[in-house]
Amino acid sequence: MKTRTVTLTDNATGKSIELPVREGSTGPAAIDISRLYREFGYLTYDPGFQSTASCSSGITYIDGAEGVLLYRGYPIEQLAERSSFLEVAYLLLYGELPAREQFATFQHTITHHTMIKESLRGFYQGFYHDAHPMASMVGVVGSLSAFYHDSTDITDPRHREIAAHRMIAKMPTIAAYSYKYSVGEPFSYPQNSLGYCANLLHMMFSVPSEEYHVDPVAQKALDMIFILHADHEQNASTATVRLSGSSGSNPFACISSGITALWGPAHGGANEAVVHMLSEIGDVKNIARFIARAKDRNDPFRLMGFGHRVYKNYDPRAKIIRKMCHEVLEKFGDTNDPCFELAMRLEEIALKDEYFIERKLYPNVDFYSGIIYRALGIPVNMFTVMFAVARTVGWVAQWMEMIGEPDQRIGRPRQIYSGSQRRDYVPLAERAVSG
Ligand code: ACO
């Protein structure tokens with residue numbers, strides 16, 4: 001079959017170049033511009049990567065116009081309803097749903113690698129008492145490579161797999177310890193009898209002086225949120241992990257860089273920002289004023305938890321989590337907490353408002369995850385940490401896919417230079433004040 005091509009013509013010179021089109025298995029095709037600069041002398045310019053496919057990946061598919069999300073071909077709705085986070089983790093890593101024995105082995109491996117070295121535990125004492133848990137998480141995850149030299153040879157597939165298992169297994173422990181340290185409570189060791197999310201809840205909320213029972217609704221809600229957050233193709237943090245990894249950095253360092261990218265309010269930090277925004281709004285009677293601010297171009301305020309770069313239709317994850325949100329609120333929602341009523345009213349009003357309808361700004365997954373976390377008693381500064389635990393699976397799967405590619409190269413974007421032209425150095429004594 002003849003390869004589809006696109007011809008690009010420079011209208012000033014009449015010179016043309018024929019570029020091949022690369023087709024995926026589904027979704028839009030991409031013009032392969034890798035020869036463009038060498039043969040045509042132009043770079044392409046796409047700030048924010050709105051039309052740029054940075055890689056080819058077989059892990060996650062999103063159709064933003066239709067609101068579709070597939071992990072390895074499986075619709076997110078089916079996985080959220082019928083699967084579990086660890087099974088989804090296996091699927092993302094290995095490409096297929098596990099058979100019973102494969103899953104049992106995987107579950108055993110993850111469960112039996114949840115502890116971290118005692119000396120690594122000591123790292124937490126070095127952080128200031130009110131350190132944001134994301135800050136300590138970035139540091140502790142980044143330092144894992146100093147402890148696990150037997151899984152940092154990225155050319156060895158077995159090393160890569162061990163590193164992947166270690167990160168998925170240890171992330172809840174690292175997350176829970178970040179929290180325990182920030183509230184000055186003793187760390188709780190992982191319990192191998194508990195499932196992945198139950199263990200995380202146990203490590204966060206149990207104290208040595210009391211029995212702690214994990215609530216099944218809380219465990220189910222967390223497991224579902226983790227499934228929804230496990231991967232989301234080339235978002236900012238995943239692209240960061242890939243870019244870090246493309247230079248051959250060890251996987252622990254790469255995941256740590258992903259955590260930093262996730263932290264921002266335009267990405268994973270949005271769930272935390274949602275709750276701050278709801279506190280700022282404070283009362284239902286103030287909603288109209290904040291909606292007006294969100295619409296005002298001269299006001300930087302945005303409705304946190306609304307809008308998405310890719311979904312210009314309802315975020316399919318938001319649809320699933322919305323239902324769970326109502327279930328969780330029914331069981332755990334503090335009726336005296338105005339945050340929950342505010343969230344529901346804001347959602348209702350924004351969905352009817354012309355500004356949001358026109359721009360296709362729907363509530364995203366983070367609008368609801370923040371509210372669920374709050375109802376479960378998870379402190380606000382842990383929201384993005386929870387996201388990081390779930391997304392570690394996606395980061396690791398994407399990193400493994402990239403490193404496993406035979407023609408993998410360092411990622412090196414170009415730029416349009418807009419600074420000074422060449423000029424000569426002036427000695428200090430002869431220099432006038434600039435600016
Ligand atoms: N509130 C008010 N207006 C908004 C919002 C919002 N939350 N989001 C977008 N808009 C408006 C913009 O002002 C712009 O309006 P204009 O066309 O009149 O100039 C238009 O909608 C398009 O917005 P862009 O900024 O171009 O959209 P982009 O794709 O770059 O941004 C983003 C997407 C960052 C998610 C944005 O919608 C936003 O800031 N949302 C709030 C933060 C948030 O919830 N982030 C979580 C994303 S989900 C995740 O990471 C898991």
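Guide: Let us begin with a definition: helices, of at least four residues, and strands, of at least two, are DSSP runs numbered from the N terminus. The model before us is predicted.

Visitor: Between which two strands does the loop with R72 lie?
Guide: The phi angle of R72 is near 50°, a positive value in a residue other than glycine. R72 lies in a loop, and the strands on either side of that loop are β5 (68–71) and β6 (74–75).

Visitor: Is R72 buried or partly exposed?
Guide: Buried means under 20% relative accessible area, exposed means over 50%, and partly exposed is in between. The relative accessibility of R72 is 23%, so R72 counts as partly exposed.

Visitor: What is the relative accessible area of K360?
Guide: K360 has a phi near 55°, which is a positive value in a residue other than glycine. The loop that holds K360 runs between α16 (354–358) and α17 (365–375). K360 is partly exposed, and its relative accessible area is 39%.

Visitor: Is S256 buried or exposed?
Guide: S256 has its place in helix α11, residues 251–262. Because its relative accessibility is 8%, S256 counts as buried.

Visitor: Which residue has its backbone oxygen 2.9 Å from a polar atom of the S256 side chain?
Guide: Leaving aside residues up to four places away in sequence, S256 touches V138, V141 and G142. A polar atom of the S256 side chain lies 2.9 Å from a backbone oxygen, and that oxygen belongs to V138.

Visitor: Why is the ring pair of F85 and Y196 called tilted?
Guide: A pair of aromatic rings is described by the distance of the centres and the angle of the planes. Planes under 30 degrees apart count as stacked, over 60 as edge-to-face, and the rest as tilted. The centres of the F85 and Y196 rings are 5.1 Å apart and their planes stand at 45°, so the pair is tilted.

Visitor: How many residues apart in sequence are the parts that F85 and Y196 tie together?
Guide: Both F85 and Y196 are buried. F85 lies in helix α3 (residues 85–94) and Y196 in helix α8 (residues 196–205), so the parts tied together by the pair are apart in sequence by 111 residues.

Definitions and conventions: Residues are numbered from 1 along each chain as its sequence is written. This is a predicted model: local features need pLDDT of at least 70, side-chain atom pairs count only at pLDDT 80 or more; totals for chains, interfaces and linings use all residues. Side-chain values use heavy atoms; hydrogens and water are left out. Buried means under 20% relative accessible area, exposed over 50%, partly exposed in between (1.4 Å probe, protein chains only). A polar contact is a pair of N or O atoms within 3.5 Å; within protein, one must be able to donate a hydrogen and the other to accept it, and residues adjacent in sequence count only if both atoms are side-chain atoms. Contact means heavy atoms within 4.5 Å. Rings of Phe, Tyr and Trp (its six-membered ring) pair if their centres lie within 6.5 Å; planes under 30 degrees apart count as stacked, over 60 as edge-to-face and the rest as tilted.
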